[in-house]
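Subject: Structure handover and notes

Dear colleague,

I am passing on the structure below, together with notes on what turned up when I went through it. Please read the notes with the coordinates open beside them.

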Amino acid sequence: MAERLSSTAASRLGACLLPPAAASSKRASGTRSSLPVLPSPPCAAAGLRSRLLPAAGLRPSSPLSSLRLGLCQRPAARSRAMSSSAMCSASDPAQLKSAREDIRGLLNTSFCHPILVRLGWHDAGTYDKNIAEWPQRGGANGSLRFEIELKHAANAGLVNALKLLQPIKDKYSGVTYADLFQLASATAIEEAGGPKIPMKYGRVDVSGPEQCPPEGKLPDAGPPSPAGHLRDVFYRMGLNDKEIVALSGAHTLGRSRPERSGWGKSETKYTMDGPGAPGGQSWTVQWLKFDNSYFKDIKERRDEDLLVLPTDAVLFEDPSFKVYAEKYAEDQDAFFKDYAEAHAKLSNLGAKFDPPEGISIDDDSKSAAPEQFVAAKYSSGEKKA
């Protein structure tokens with residue numbers, strides 16, 4: 001990046017510009033993940049450990065209670081005890097709009113686009129189309145705010161995303177965590193130069209850690225059979241081959257560090273100056289800019305300083321995936337269109353909306369009445385100039 005960041009901004013960036021969880025080694029508790037692979041989108045902290053936490057203002061032993069990751073509730077209900085089975089109310093449209101502006105401000109100062117994308121995807125990516133009941137089916141329900149799910153190997157480092165968003169959540173009590181995570185993810189894509197995501201809101205939060213999904217729902221970056229693994233994971237969510245490839249394109253954002261994720265070089269000519277803590281290996285040259293360069297670079301493989309994971313390479317090796325990967329490498333408009341649709345679908349997976357049809361916060365929306373949410377439907381660089 002051409003401009004140097006101030007020391008204050010750089011210290012904040014240490015928490016958000018970190019590699020995706022992309023290790024292929026398995027822990028006793030589970031397998032580390034990379035989502036667009038469901039991505040680990042991109043640059044978010046993958047193997048973040050205690051030595052990195054101070055960059056986010058956290059101590060290794062800091063309890064999550066210090067982040068005030070409490071249950072979402074209306075202001076009038078704060079003085080009342082809430083049972084573990086109670087649910088949050090729908091988000092307030094006016095507060096959602098204001099929260100979006102605050103997220104834009106956060107992105108413009110901290111450049112944490114990748115980790116916010118990853119947060120939204122990892123909350124939604126646990127969805128199982130074969131389970132009808134909410135919240136057992138997983139999905140976009142805010143469960144990732146609880147420590148038990150944050151400790152899943154695939155979610156290493158996402159506590160820093162919560163640290164970044166918690167002040168916004170505290171400011172806007174009428175916004176659920178489930179909506180905030182998806183709002184932040186979509187806004188990060190748009191602010192990085194990506195397409196407008198057709199989002200709707202009103203997601204209900206789960207109320208307690210007992211409602212978190214089991215570990216092992218998110219994909220791995222280096223499985224023995226990359227194509228089969230991607231299909232196993234994404235088909236379980238109700239997504240198809242086109243959506244798998246389109247979502248993989250979010251790896252245009254971010255970088256990976258070998259000492260933390262198990263993948264990538266320790267430093268390249270594209271990452272030696274940051275922003276944030278220097279180092280790691282990116283998938284693209286401008287790894288904070290959302291475009292179709294991911295597909296171009298994976299196809300050409302002419303630059304050894306750019307990362308190619310097994311689950312990236314397979315997009316041009318598997319016959320079905322290759323059709324879409326080739327198309328997106330040649331046609332950015334087609335990629336943006338398919339990506340926006342796939343991202344919106346992912347953000348709704350498993351969600352319970354109140355009101356059931358969801359709410360829109362886009363004043364220029366062409367549809368006065370948002371599409372009714374039907375669970376069965378989902379069961380079948382650089383700073384933007």
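Leaving aside neighbours within four places in sequence, L165 is in contact (heavy atoms within 4.5 Å) with I103, L106, L116, L119, L180, F181 and A184. Before going further, please note that this is a predicted model, in which local features need pLDDT of at least 70 and side-chain atom pairs count only at pLDDT 80 or more, while totals for chains, interfaces and linings use all residues. Residues are numbered from 1 along each chain as its sequence is written, and side-chain values use heavy atoms, with hydrogens and water left out.

The nonpolar cores

L165 is also one of the residues that touch the most other members of the largest nonpolar core, a set of 76 residues in which I103, L116, F290, F295, L315 and Y339 share that standing. A nonpolar core here is a set of buried Ala, Val, Leu, Ile, Met, Phe, Trp, Tyr and Cys residues joined through side-chain atoms within 4.5 Å, where buried means under 20% relative accessible area, exposed means over 50%, and partly exposed lies in between, with a 1.4 Å probe and protein chains only. Helix 6 (residues 177-191) gives the most to this core, with eight residues; helices (H or I, at least four residues) and strands (E, at least two) are DSSP runs, numbered from the N terminus. As general background, nonpolar side chains in soluble globular proteins tend to be buried together.

The largest cavity

For cavities, a 1 Å grid is laid over the protein atoms alone, and a cavity is a set of points where a 1.4 Å probe fits but cannot get out, its lining residues having an atom within 4 Å of a point. The volume of the largest cavity is about 50 Å³, taken as the space filled by probe spheres set on the points, with grid points joined across faces, edges and corners. Its lining consists of R100, L183, A186, T187, E190, K196, I197, M199, Y201, I361 and D362. By class, this lining has six nonpolar, four charged and one polar residue, with Ala, Val, Leu, Ile, Met, Phe, Trp, Tyr, Cys and Pro counted as nonpolar, Asp, Glu, Lys and Arg as charged, and the others, Gly among them, as polar.

Buried residues with polar contacts

R203, in the loop between helix 6 and helix 7 (226-237), counts as buried because its relative accessibility is 0%. The side chain of R203 makes a polar contact of 2.8 Å with the side chain of D179 and another of 3.1 Å with that of N348; a polar contact is a pair of N or O atoms within 3.5 Å, of which, within protein, one must be able to donate a hydrogen and the other to accept it, and residues adjacent in sequence count only if both atoms are side-chain atoms. R203 and S347 are 144 residues apart in sequence, and their C-alpha atoms are 10.0 Å apart in space.

T252, in the loop between helix 8 (241-248) and strand 1 (255-256), likewise counts as buried, because its relative accessibility is 0%. Its side chain reaches the backbone oxygen of K289 at 3.4 Å and makes a polar contact of 3.3 Å with the side chain of D291. H122, in helix 3 (residues 113-124), has a polar side-chain atom 3.4 Å from the backbone oxygen of A154.

Backbone geometry

Two cis peptide bonds deserve a look: one joins W134 and P135, with omega about 5°, and another joins D354 and P355, also with omega about 5°. P135 lies in the loop between helix 3 and helix 4 (147-150), whereas P355 is in the segment after helix 13 (332-348).

F111, although not a glycine, has a positive phi of about 55°, and R301, also a residue other than glycine, has a phi near 50°. F111 is buried, with a relative accessible area of 3%, whereas R301 is partly exposed, at 47%.

With best regards

Definitions and conventions:
On a 1 Å grid over the protein atoms alone, a cavity is a set of points where a 1.4 Å probe fits but cannot get out, and a pocket is an open set with protein on both sides within 12 Å along at least five of seven lines; lining residues have an atom within 4 Å of a point.
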